[in-house]
Amino acid sequence: MNWVSSGNNNYANYTNIPPGRYSFRVKGSNSSGKISSDEPYMDIVISPPFYRSFYAYILYLTALITVFYSIIMIVRGKESVKRLREENRLKNELIDANCELDRLIRIDPLTGVYNRHHFRETIENGWHLHKRAGYAGFPFNGRYRFFQGL
């Protein structure tokens with residue numbers, strides 16, 4: 001037990017005491033210097049400040065986990081957006097290539113004139129429109145012989 005002499009002061013002042021349980025005991029003396037045999041005491045509990053308490057550490061841990069989780073979600077989101085952009089770019093390239101292929105199928109490479117495939121498709125589209133409209137007979141009348149040889 002560490003005793004601290006306060007001299008002639010009738011008060012005790014202690015600062016910067018770490019958190020914990022303490023017992024404050026007092027020994028007194030009279031003016032002639034005789035020390036009393038009676039030793040009154042008081043139990044004191046000094047709690048840590050909130051920022052060093054158990055609940056604060058739980059809060060810090062939760063905040064840290066939330067920050068790491070947010071960072072992971074942001075990185076995954078950026079990767080997902082990047083992957084989606086790449087997929088859209090490839091999709092657009094494929095659409096462009098299909099359009100070009102469709103154009104090349106319909107045009108003769110030597111002459112640049114529409115070929116048999118284009119004419120066949122034109123006739124089929126016309127036939128379907130004619131049937132949908134409810135007309136009887138062949139829609140191309142006199143032009144039938146021209147398209148028959150194709």
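Glu100 is partly exposed, with a relative accessible area of 36%. Here buried means under 20% relative accessible area, exposed over 50%, and partly exposed in between, with a 1.4 Å probe and protein chains only. The model is predicted: local features need pLDDT of at least 70, side-chain atom pairs count only at pLDDT 80 or more, and totals for chains, interfaces and linings use all residues. Residues are numbered from 1 along each chain as its sequence is written, and side-chain values use heavy atoms, without hydrogens and water.

Glu100 has a charged partner. Its side chain meets that of Arg103 in a salt bridge, 2.7 Å from N to O. The term stands for a side-chain nitrogen of Lys or Arg within 4 Å of a carboxyl oxygen of Asp or Glu. Glu100 and Arg103 are three residues apart in helix 1, so about one helical turn separates them. Arg103 is also partly exposed, at 41% relative accessibility. Helices (H or I, at least four residues) and strands (E, at least two) are DSSP runs, numbered from the N terminus. Helix 1 covers residues 54–106.

Further along comes another pair. Asp102 and Arg106 form a salt bridge at 2.4 Å, N to O. Both lie in helix 1, four residues apart, about one turn of the helix. Within it, the closest N and O atoms of Arg89 and Glu93 are 2.3 Å apart. These two also sit four residues apart in helix 1, about one turn. Arg89 is partly exposed at 39%, and so is Glu93 at 41%. The count of salt bridges comes to six.

Phe50, Tyr51, Phe54, Tyr55, Tyr57, Ile58, Leu59 and Tyr60 form a nonpolar patch with about 980 Å² of accessible area together. Patches take residues with over 30% relative accessible area and no salt bridge; like charges are joined within 9 Å, nonpolar side chains (Val, Leu, Ile, Met, Phe, Trp, Tyr) within 5 Å. Areas come from the Shrake-Rupley method with a 1.4 Å probe, and for residues only the protein chains shown count as cover. Tyr55 lies in helix 1. It is exposed, at 63%.

Now the strands. Strand 1 (20–25) and strand 2 (residues 41–46) pair in the antiparallel sense over six bridges. Pairing requires that DSSP finds at least two bridges between two strands. Phe24 has Met42 in strand 2 as its bridge partner. Strand 2 is hardly covered: the count of buried residues among its six is zero. In the segment before strand 1 lies Asn16. Its phi is near 55°, a positive value in a residue other than glycine. Most residues other than glycine have a negative phi. Asn16 is exposed, at 79%.

Helix 2 (residues 116–133) has 18 residues, which should span 26 Å at 1.5 Å a residue; its end C-alpha atoms are 26 Å apart, which agrees. The expected span is 1.5 Å times one less than the number of residues. Which residues of helix 2 are buried? They include His118, Ile123 and His130. These cover an arc of only 130° around the axis, which puts them on the same side of helix 2. The arc is that of the directions from the helix axis to the C-beta atoms. On the other side, Lys131 and Arg132 are exposed. Just after helix 2, Gly134 takes a positive phi of about 90°.
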